[in-house]
Amino acid sequence: MVAAGPGPRRIRLDLAYDGTDFAGWARQPGLRTVQGVLEETLAVLARDPVALTVAGRTDAGVHADAQVAHADVSAPGTALLDDGAVPAGLVRRLARMLPPDVRVHAVRPAPEGFDARFSAVRRHYAYRVCTAPSGPEPLRARDTLRWPRSLDVAAMDAAGRGLLGEHDFAAFCRPREGATTIRELQHLSWVPVAGERDVVEARLSADAFCHSMVRSLVGALLAVGEGRRGVDWPATLLERRARASEVHVVAAHGLRLTGVDYPDDAGLAARAATTRAVRTLGP
């Protein structure tokens, strides 16, 4: 947490990107990443290195409609933050400097206690699937999975409801040393996309998602939709304490981060402290 007054000040950025040509969010040597492109651009404006913390790291090829990040600005009187305020015209200036597959929609001083990652109470994702024989429409081919077989959407929706609640999602996650795979899945539904031919979308919300969790959940539910697995099968995998090899991880390009929720300003610091605590399942 960065205190108000002299010294570094925290700013919040709301942004979107097409992940097709990025090697994910996180900066990696020699690779084009969203974080790398943004930090390099912001450093020019700040006249100082800028380090971003993001609400949810996205993998290579994953898109974002509503990503949130924060940065601590050290140099006063810069194009990023001047006398505690964000200079007028900053968003327009960023639009000129950034490549067309990254857009910053808003920049503002962050309230006391705000942390883009740890203060978040919920993340929302969507995954698009097209079952039309001709495949997705050309303008949506970069964010829609082509699926060559018909799907029972009602069965997938029912199977998704069986995964709701707080569970250990180890069967659906790529393991990371020292990281928990306990999450609370708060919403999972499948809906036809209005106005589009043979396109359905999975919509998922959770307090957090572990690595590859959304793409693994979608892969398991597509197996149900094809009739290769029963409606109850995905829920039985919650008994596993290791990744389930029979779960297909679908391609990254169908996935979008669609929103991040935060508490009111008074609850930001408390939420961050809660999120940092090691989570365990109850009896």
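## Helices H1 and H2

Helix H1 (residues 34-46) packs against helix H2 (residues 90-97) at an angle of about 125 degrees, and their axes lie 11 Å apart. Here helices (H or I, at least four residues) and strands (E, at least two) are DSSP runs, numbered from the N terminus. Axes are lines fitted to C-alpha atoms, for helices over the stretch in contact, with angles running from 0 to 180 degrees between N-to-C directions. H1 and H2 are therefore oblique to each other; angles under 35 degrees count as roughly parallel, over 145 as roughly antiparallel, 65 to 115 as roughly perpendicular and the rest as oblique.

On the H1 side the contact uses Thr-41, Leu-42, Val-44 and Leu-45, and on the H2 side Leu-90, Arg-93, Leu-94 and Met-97, where contact means heavy atoms within 4.5 Å. Sorted by class, the contact of H1 with H2 has six nonpolar, one polar and one charged residues. Ala, Val, Leu, Ile, Met, Phe, Trp, Tyr, Cys and Pro count as nonpolar, Asp, Glu, Lys and Arg as charged, and the others, Gly among them, as polar.

## About the model

This is a predicted model, in which local features need pLDDT of at least 70 and side-chain atom pairs count only at pLDDT 80 or more, while totals for chains, interfaces and linings use all residues. Residues are numbered from 1 along each chain as its sequence is written, and side-chain values use heavy atoms, leaving out hydrogens and water.

## Helices H3 and H4

Now for another helix pair: H3 (residues 153-161) and H4 (residues 213-225) pack at an angle of about 135 degrees, their axes 8 Å apart. The crossing of H3 and H4 is right-handed. Ala-155, Met-156, Ala-159 and Gly-160 of H3 meet Leu-221, Leu-222, Val-224 and Gly-225 of H4. By class, this contact of H3 with H4 has six nonpolar, two polar and no charged residues.

Strand E9 (residues 199-206) is largely enclosed by the rest of the structure, because seven of its eight residues are buried (under 20% relative accessible area; exposed is over 50%, partly exposed in between, with a 1.4 Å probe and protein chains only).

Strand E5 (residues 122-130) pairs with E9 in the antiparallel sense over eight bridges; two strands pair if DSSP finds at least two bridges between them. His-124 stands opposite Ser-205 in E9. Strand E8 (residues 182-192) also runs antiparallel to E9, joined by seven bridges, and Trp-190 stands opposite Ala-202 in E9. The hairpin of E8 and E9 has six residues between the strands, and in this hairpin Gly-195 takes a positive phi near 80 degrees.

Methods:
Left-handed = near helix turned anticlockwise from the far one by under 90°.
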